[in-house]
Amino acid sequence: MECFGPVRLRAARAEAARVPCDGRHTWETYAEGELPDALVGAGHAAISADPLIRGVCNARTFRLTSGIRYQAGWNLEVLPPAGSDGDRTYRCLAGRGVDALAAPTLTGR
């Protein structure tokens, strides 16, 4: 389980600070994957729209991994890798609004 604060878009980059899950947070990871070679160095919009990434970060995967039957009220987002340390892990995030989650929500289902 990973939790994050708000996603901030800066030019073509997206960033979010990792925060403790037992306090207020905006996003929780529901899936992750390794960024394909073709997308290394790409911006947030290109990564988020890529069909391969959309095949992982989507409402169906959210429902399957969380056990939540309906996506209503949940926002889904893609957090690309930070890129500075060679990490290629992108994360599929789910949230209900800025700091709307107060405890781990997507676990234990």
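Of the 109 residues that make up the protein chain, 39% count as buried. The model described here is a predicted one. Its secondary structure comes to three helices and seven strands, and reading along the sequence gives the pattern β-β-β-β-β-α-α-α-β-β. The radius of gyration is 13 Å, close to the 13 Å that the globule rule gives for 109 residues, so the protein chain is as compact as a globular protein of that length. Taken along the principal axes, the box filled by the C-alpha atoms is roughly 35 × 25 × 20 Å. Contacts also tell a story about how the chain comes together: among those between residues at least 6 apart in sequence, 60% join residues at least 24 apart.

We can now turn to the interior. In soluble globular proteins, nonpolar side chains tend to be buried together. Here, the largest nonpolar core has 16 residues, and the members that touch the most others are Tyr-30, Ile-53, Cys-57, Phe-62, Trp-74 and Leu-106. At least two residues of this core come from each of strand E5 (27-34) and strand E7 (89-95), with E7 giving the most, namely three residues.

Which of its residues are buried? They are Thr-61, Phe-62 and Ser-66. These three cover an arc of only 110° around the axis, which puts them on the same side of H3. The buried residues of H3 pack against E5, strand E6 (75-79) and E7. On the face turned away from this buried side, H3 carries the exposed residues Arg-60 and Leu-64. The two ends of the helix have details of their own. At the start of H3, a side-chain oxygen of Asn-58 comes to within 3.0 Å of the backbone nitrogen of Arg-60. Following H3 is Gly-67, with a positive phi near 80°.

A pair of aromatic rings is described by the distance of the centres and the angle of the planes. The count of aromatic pairs comes to two. One is formed by Tyr-30 and Phe-62, an edge-to-face pair with 5.5 Å from centre to centre and 85° between the planes. This pair links distant parts of the chain, since Tyr-30 sits in strand E5 and Phe-62 in helix H3, 32 residues apart. Both Tyr-30 and Phe-62 are buried. Phe-62 also forms a pair with Trp-74, and this pair is tilted, at 5.4 Å from centre to centre and 50° between the planes. Here too distant parts of the chain are linked: Phe-62 is in helix H3 and Trp-74 is in the loop between H3 and E6, 12 residues apart. Why do Phe-62 and Trp-74 count as buried? Buried means under 20% relative accessible area; Phe-62 has a relative accessibility of 0% and Trp-74 one of 8%. Together, Tyr-30, Phe-62 and Trp-74 form one aromatic cluster.

Leaving aside neighbours within four places in sequence, Thr-105 is in contact with Glu-28 and Trp-74. Thr-105 has its place in the segment after E7 and is partly exposed, with a relative accessible area of 21%. The side chain of Thr-105 reaches the backbone oxygen of Ala-103 at 2.9 Å. Between the C-alpha atoms of Thr-105 and Pro-81, which are 24 residues apart along the chain, the separation is 23 Å.

Finally, two residues draw attention through their backbone angles. Most residues other than glycine have a negative phi, and most peptide bonds are trans. Ala-11, however, has a positive phi near 55°. Ala-11 is found in the loop between strand E2 (8-10) and strand E3 (13-15), where it is exposed, with a relative accessible area of 86%. Asp-99 likewise is not a glycine and has a positive phi, of about 55°. Asp-99 lies in the segment after E7 and counts as partly exposed, at 35% relative accessibility.

Note on methods. Residues are numbered from 1 along each chain as its sequence is written. This is a predicted model: local features need pLDDT of at least 70, side-chain atom pairs count only at pLDDT 80 or more; totals for chains, interfaces and linings use all residues. Side-chain values use heavy atoms; hydrogens and water are left out. A nonpolar core is a set of buried Ala, Val, Leu, Ile, Met, Phe, Trp, Tyr and Cys residues joined through side-chain atoms within 4.5 Å. Buried means under 20% relative accessible area, exposed over 50%, partly exposed in between (1.4 Å probe, protein chains only). Helices (H or I, at least four residues) and strands (E, at least two) are DSSP runs, numbered from the N terminus. The arc is that of the directions from the helix axis to the C-beta atoms. Contact means heavy atoms within 4.5 Å. A polar contact is a pair of N or O atoms within 3.5 Å; within protein, one must be able to donate a hydrogen and the other to accept it, and residues adjacent in sequence count only if both atoms are side-chain atoms. Rings of Phe, Tyr and Trp (its six-membered ring) pair if their centres lie within 6.5 Å; planes under 30 degrees apart count as stacked, over 60 as edge-to-face and the rest as tilted. The radius of gyration is taken over C-alpha atoms; the globule rule is 2.2 Å times the number of residues to the power 0.38.
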